[in-house]
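Visitor: Hi, I'm new to this one. Can you walk me through it?

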Amino acid sequence: MDKTNRPIVLEAKGLTKRFPGVLANDNINLKLHQGEILALLGENGAGKSTLMNMLYGLYTPTEGEIWIKGEKVELSNPGEAIDRGVGMVHQHFQLVPPMTVAENVMLGSEITSGGGRLNMRQAIRNVRELSEQYGLAVDPTAVIEDLPVGTQQRVEIIKALYRHADILILDEPTAVLTPQEANELFRIMRDLTAQNVSIIFITHKLKEVLAVADRIGVLRSGQMVGTAMPEDSTETSLAEMMVGRNVILRVEKSASKPGQPVLQIQNLHVHDDRGHAAVEGVDLEVFAGEILGIAGVEGNGQRELVEALTGLRHIDAGKIRIDGQDTTHFSPRQITELGVAHIPEDREKHGLVMPYTLSDNMVLNRYFKAPYAKGLIMHHDKIDENGKVLVKEYDVRPPNVHALAQNLSGGNKQKVIVAREFSSPTKLLVAAQPTRGIDVGSIEFIHKEIVAQRDHGVAVLVVSAELDEVLGLADRVAVMFDGRVVKILPIAEATRERVGLLMAGSDA
Amino acid sequence: MTTAAMAKTKSRGDYVRIVGLIFGGIVLLGIIYGYITNPVTTTAVLASTLRQSTPLVLGALCGLIGERSGIINIGIEGQMLMAAFIAFLANVYTGNLFVAVLAGLATGAVLGGFLAFMSVTLKMDQIIGGTVINILALGLTSFFYQTGLTTQGKLQAIALGPLAEIPLIGPVFFDNPPITYATLILVMVVHYVLFYTRWGLRTRAVGEHPSAADTVGINVYKMRYINVIIGGSIAGLAGAYLTLEAVGSFERAMTNGRGFVALAVMIFGKYTPFGAWGAALLFGFAVALQTQLQFSGRLEIPHQFIGMLPYVLTIVVLAGFVGRTRVPAAVGKPYEKE
Amino acid sequence: MTTQTDSKAKPSRLMAIWRAASIPLAAVILALLVGAVILLISGANPIAAYSALAKGAFGSTAAFGRTLEKATPLILGGLAVAFAFKGGLFNIGGQGQLLFGAIVAAGVGFGIDGLPFIIHMPLALLMGSLAGALYGAIPGALKTYTGAHEVITTIMLNFIAINFTDWLADGPWKDEGIVARTPAIAEAAAIPTWGNIPAGFFLAILAAVATWYLLYRTTTGYEIRTVGLNSNAAKYAGIKVSYTVILTMAISGFLAGMGGAIETLGVVGRYQPGFNAGLGFDGITIALLARTNPLGVIPAALLVGAMQAGSSQMQFDAHVPFQIIDVIQALILFFVSADMIVRWIVRVQPEEGEQVTLSTSWG
């Protein structure tokens, strides 16, 4: 809906932010009207978070002005933004896990009774009132780490409302929600705007923008390249504004020609780090020459499943067979030796040693094999040679094998891992969140590589929290919910609505 | 979480509780038996337990206040030693015990500030920072200490009237020098502040999830500085205790590893004040008991093995408990605003 | 968002050495300056003190020999700590591992008769080093299997070692007479001194080179360094982390034990309690001064060894208590670890990948 005739509650004029060596935001102009939902669209690295951090007082602008409700302000900390009615719901929740909802909500604006003593009863009462007023159901005495993600998000929103926010900034709020939960969030957003709360919501998901925004702003490489009205836009037009060139949204691939089963999982049971059951009886098969995509909101056992497959996690019960061999109790090295490539979910934690050079990283799981080593002695010249070849083939930037992994961009770090994993004969590829947090160019590259592997007869398992990625790549879609595979669908039957319902646990 | 897993974690907690109760029961029975058979010795052992545990409790309080706010303090030993030395010097040159205690507190606070500076501002690795304090303290105290300085006496026990007359409990709890009393009070104060006040809530938030605190306007750096400085002054009190209440003078390296044992006490006590108090009593009891048995000739162990006891116990405690205790999530990581 | 990276090829050898050495050099100079201030406060003349120090360290071949002698256990202690650092571990137990190395070497030295030098000395050296290795493996195993952080366990083990070796020297292994010490080692077990130069020094140099080679040219070294930098990635790479942690501590202990063994076999000639206190902490200073590089340990140890060797001359000539060396060492440690503050003072650009972090494994 066009609300541009309403009063302006928040305005950025020529807002610029410079970090050493990086121009994160370049001369941005932005207007937010009362009761409006303004969606800010941009790919990873476009500068959305930096802009929001300035509006919330976490960063100081290098140049430019911020006006809130008609007054020019200089925000040196979030406290000042909060005082002016700006509230932020972060992408990575800013909640203290072992504390309760009430404690989290009042943190920083605590209710005390004489001498600093906390008045928990009053706090609990206040939280209950707020949750009723805005239709955000939460139990004030619940401990955050026991709550599901959707509920935690509601706590974040209550935190902002508790501080009388009437301008809300939501940073990638649907990253952790099922499509149905996202719709519920949109309902909450519309209810809030009906009570004259104004919302800026940051996302890179085109569908959501079209579903809920009143107006759309597009950021690219730190600049505001334009605004658009949802009525006049399509996913393609928005994507082209985001990226600046023609974008093909669907991954180009031909039909799959599945062969023998390469990965066979039977009745798998795995528990997580806290001792709770994470995978509760999964049966799955992946055939050579096909891509099986696992869809599902994060936290439903996908991570533990992948770790169990690759030997990084102990298996409580069940069997895993790779290429006919029982690998249930195999070590990571034994599994790699069988021809399994693994792109880990957390590239900086598992996939790379940041202070190592690119060439050292390229041999991370094969440093002990010829020609890189003979017995105990390592051959660094051969390691460097290998690195040079791979860096060229996979277009890693900068193309210097002695560069340290920590100095590369996210996309290039991922390319190093992909280069390493794809450079030896592979029968099974396990890719977890393969394009998380990287730029569109690298995303396209990696998707092409994954499809190429499939076409070479590799069995591919892709786990992704981005539903669009799964739907774009997969030949078959398996949905995980609560530690089980609730359904496996051929891609033709995997509509967003159907998969979304399955992701939320209903039988569709 | 499935019901099976829930049952498992619940029963493990029950198991620990049962073992703890049985153990406590045995100790209690032992004390009663000991009192009936030999009241003087038993009282002496228990009183000695309380005294031995005082520097450990104080050290543990220092450590846990810091860790709750996210800073590892390996330098408790150095803080104690330096404070002991300065308190000793103050005693020698002013003859005023109160001033000497204050000097100890101040020294601990200054070293706490130094640790905070290294950890929070310079963002150095906190374990190296603590080690620097230990080495500096050892070097400076050894360099500046000259033998032959005489002190003007030490802090004497103050009996609390009729309370001190109660058999067994009286002499043990109510007939102690001031710092020992102060320690008992401090345990309760720290517990209250940490878990019932706004300051405590913010401290714990800063230690668990500093960016959550930052985004609601809490100054993470300031909170950590103040907590570590307060903790440091408590370690300073421990140093003052050693030289002004326990020994009466100063010796090179007189802390003798207590600062590190205090870390084990802190972990064993699950980063809570009362837990630390209980754990320290346990350590103190073990040492006091062994020494008593040694003197009474019941055990024929060379004295070096008695000397090893607190250190072996520390290792045993760490090995048994450190994995099972929940550490504040953000501990040890310097906070960087994103 | 990426920062600009320069696509330099590997910098020249000399440039690399200069960049590596500039911070430690600056740290030492700063420490000496602050030390001079402390000397002034305590009423001494820093110039007289420092020149006496230099005389005592380098003024004659005898002095030079003393410096090399002092430097030997420092090289090995520094190697022990540096090696453990590379594996992500903080070995403060050098003291205890050294004591065990020393006393076991003494035991083999006096306990066996009639062996020729070519067998007796290496045997005593080896047994002492292995004793250190075993004692070092203990905290490694504790860390792996129980999570007990090695900072505390190694310090506790130091105290335990002091008590235990005291008992041995005062009890079952005691020499005749009143003094608590072991009997002297056999002639055939002793490490010779050539003129004023102790042969043990060259053993230490050999150990440093061997350690460097192990770390940077072998698969074992790659595994140790990977575990030290990112144990998660190490697991992913198929490295057995538990085994590597224990191996790292064992090798670290081996080096410290060797230091003790060389002291016994080459300098003291028997085990006597109370010798070489504080080596654990010295080792830390040297390891950090050397930026945890095994070859850098050699100049670092020579520097500190020179200070220690010259300290008695300084006490004699300038009447300055030798403990000022402890203070200066502590200051060096502070400046060297406060990377950032020194860089700011000296205006040197930060180098990638050199930050030492040990706190990630706490708790």
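Predicted model: local features only at pLDDT ≥ 70, side-chain atom pairs only at ≥ 80, totals over all residues.

Visitor: How many helices and strands does chain A have?
Guide: Chain A has 17 helices and 22 strands; these are DSSP runs, helices being H or I with at least four residues and strands E with at least two, numbered from the N terminus.

Visitor: And how much of chain A is buried?
Guide: Of its 508 residues, 51% count as buried, meaning that 20 or more other C-beta atoms, placed from the backbone, lie within 10 Å of the residue's own.

Visitor: What about a sheet in chain A, what order do the strands take?
Guide: There's an open one with 4 strands, β12-β11-β14-β15, paired antiparallel. Strands pair if DSSP finds at least two bridges between them. β12 (277-287) and β15 (325-326) of chain A are the edge strands.

Visitor: How many bridges join β11 to β14 in chain A?
Guide: 5 bridges do, and H269(A) sits opposite A317(A) of β14(A).

Visitor: Switching topic: how many residues of chain C are in contact with chain A?
Guide: 24 residues of chain C touch 32 of chain A, with contact meaning C-beta atoms, placed from the backbone, within 7 Å. On that side of chain C, α8(C) gives the most, with 5 residues.

Note on methods: Residues numbered from 1 in each chain as written. Chains lettered and ligands numbered in written order. Contact = placed C-beta atoms within 7 Å. Buried ≥ 20, exposed ≤ 12 C-beta atoms within 10 Å, placed from the backbone.
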